[in-house]
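Here is a walk through one protein model, with an eye on its charged side chains. Have the sequence and the 3D view open while you read.

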Amino acid sequence: MDKCCSLCQTVITCKAGIPAGGKQPVTGRYGRGSATRPPAATSQEKGDTMLIEKIRQDRMKAMKSRDEKKKNLLGVLIADACKDVKQPDDASVIRFVKKFIDNARENLGMLEKGGGSATAREDAHREIDILTEYLPSQLTGDSLAEAISALMANESIEPLPASMGKVMKALGTHYAGKYDGKEASELVRSILSGNK
């Protein structure tokens with residue numbers, strides 16, 4: 001666009017190609033005249049893999065290696081975890097994994113009490129081993145007790161039996177999926193009663 005220079009009274013061409021009194025059009029790799037930009041990269045685009053995707057990949061590997069036990073177990077886990085949501089978040093998947101582990105342990109206990117076959121007991125143990133791989137590092141024993149005590153101090157929770165609900169809620173918020181609920185309840189109860 002040409003415009004008149006007020007100082008030299010000569011006609012100059014605006015090198016930037018900006019119309020006089022106008023705004024420069026947005027240009028770039030996303031198209032001339034468009035300010036649209038792609039959404040920020042998700043955790044998957046950055047290279048992180050959701051837990052449900054890892055389980056799917058492991059099931060495919062089990063199929064290729066003809067590991068029927070692992071393939072079938074992970075298939076049922078995926079079906080249950082994705083029943084309501086196609087891509088469940090890691091916290092949801094972990095809840096299902098824990099549920100499956102509890103069921104396998106219960107089954108193992110019944111087999112041991114009822115004199116189940118060695119093969120059946122081995123299968124139950126293997127199920128637990130397979131599923132445990134999908135749990136985050138677990139807090140147990142002293143490490144869990146220390147985490148509970150530190151959490152109570154940080155949250156200013158009084159060490160009273162009536163604080164049980166507050167402690168468990170805070171524990172779930174800060175350490176979701178990283179501890180066994182039954183063990184945590186017993187430790188919290190012990191700490192709040194002054195026995196730990």
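## What you are looking at

This is a predicted model, so a local feature needs pLDDT of at least 70 and a side-chain atom pair counts only at pLDDT 80 or more, while totals for chains, interfaces and linings use all residues. Residues are numbered from 1 along each chain as its sequence is written, and side-chain values use heavy atoms, with hydrogens and water left out.

## The overall build

The protein chain has 7 helices and 2 strands. These are DSSP runs numbered from the N terminus: helices are H or I with at least four residues, strands are E with at least two. Reading from the N terminus, the order is β-β-α-α-α-α-α-α-α.

Of the 196 residues in the protein chain, 29% are buried. Here buried means under 20% relative accessible area, exposed means over 50%, and partly exposed is in between (1.4 Å probe, protein chains only). The protein chain exposes about 13400 Å², and carbon and sulfur atoms supply 52% of that; the areas come from the Shrake-Rupley method with a 1.4 Å probe, and for residues only the protein chains shown count as cover. Now take the contacts (heavy atoms within 4.5 Å) between residues at least 6 apart in sequence: 52% of them join residues at least 24 apart.

Side chains of opposite charge can pair when their charged atoms come close. The rule used here asks for a side-chain nitrogen of Lys or Arg within 4 Å of a carboxyl oxygen of Asp or Glu, and the count comes to 5 salt bridges. One of them joins D67 and R126, with the closest N and O atoms 2.6 Å apart. D67 sits in the loop between α1 (51-64) and α2 (68-81) and R126 in helix α4 (residues 118-132), so this pair ties together parts that are 59 residues apart in sequence. R126 itself is partly exposed, at 33% relative accessibility.

E127 belongs to helix α4 and K69 to helix α2, so the pair links parts that are 58 residues apart in sequence. E127 counts as buried at 19% relative accessibility, whereas K69 is partly exposed at 27%. Leaving aside neighbours within four places in sequence, E127 is in contact with K69, L73 and A104.

K71 pairs with E68, the closest N and O atoms being 3.1 Å apart. Both are in helix α2, and because they are 3 residues apart, about one helical turn separates them.

Is K71 buried or exposed? K71 is buried, with a relative accessible area of 17%. E68, on the other hand, counts as partly exposed at 44%. If you skip residues up to four places away in sequence, K71 touches R59, A62 and M63.

## A negative patch on the surface

Four residues, D102, E106, D180 and E186, gather in a patch of negative charge on the surface. To join a patch, a residue needs over 30% relative accessible area and no salt bridge; like charges are joined within 9 Å. Asp and Glu count as negative and Lys and Arg as positive, with His and the chain ends not counted. Each charge is placed at NZ of Lys, CZ of Arg, CG of Asp or CD of Glu.

D180, one of the patch members, is found in the loop between α6 (164-174) and α7 (181-192). D180 is partly exposed, with a relative accessible area of 34%.

## Two loop residues with positive phi

Two backbone spots are worth a click. R66 has a positive phi of about 60° although R66 is not a glycine. R66 lies in the loop between α1 and α2 and is exposed, at 72% relative accessibility.

S156 is not a glycine either, yet has a positive phi of about 55°. Look for S156 in the loop between α5 (141-154) and α6, where S156 counts as exposed at 63% relative accessibility.

Note on methods
Patch = residues over 30% accessible without salt bridge, like charges linked within 9 Å, V, L, I, M, F, W, Y side chains within 5 Å.
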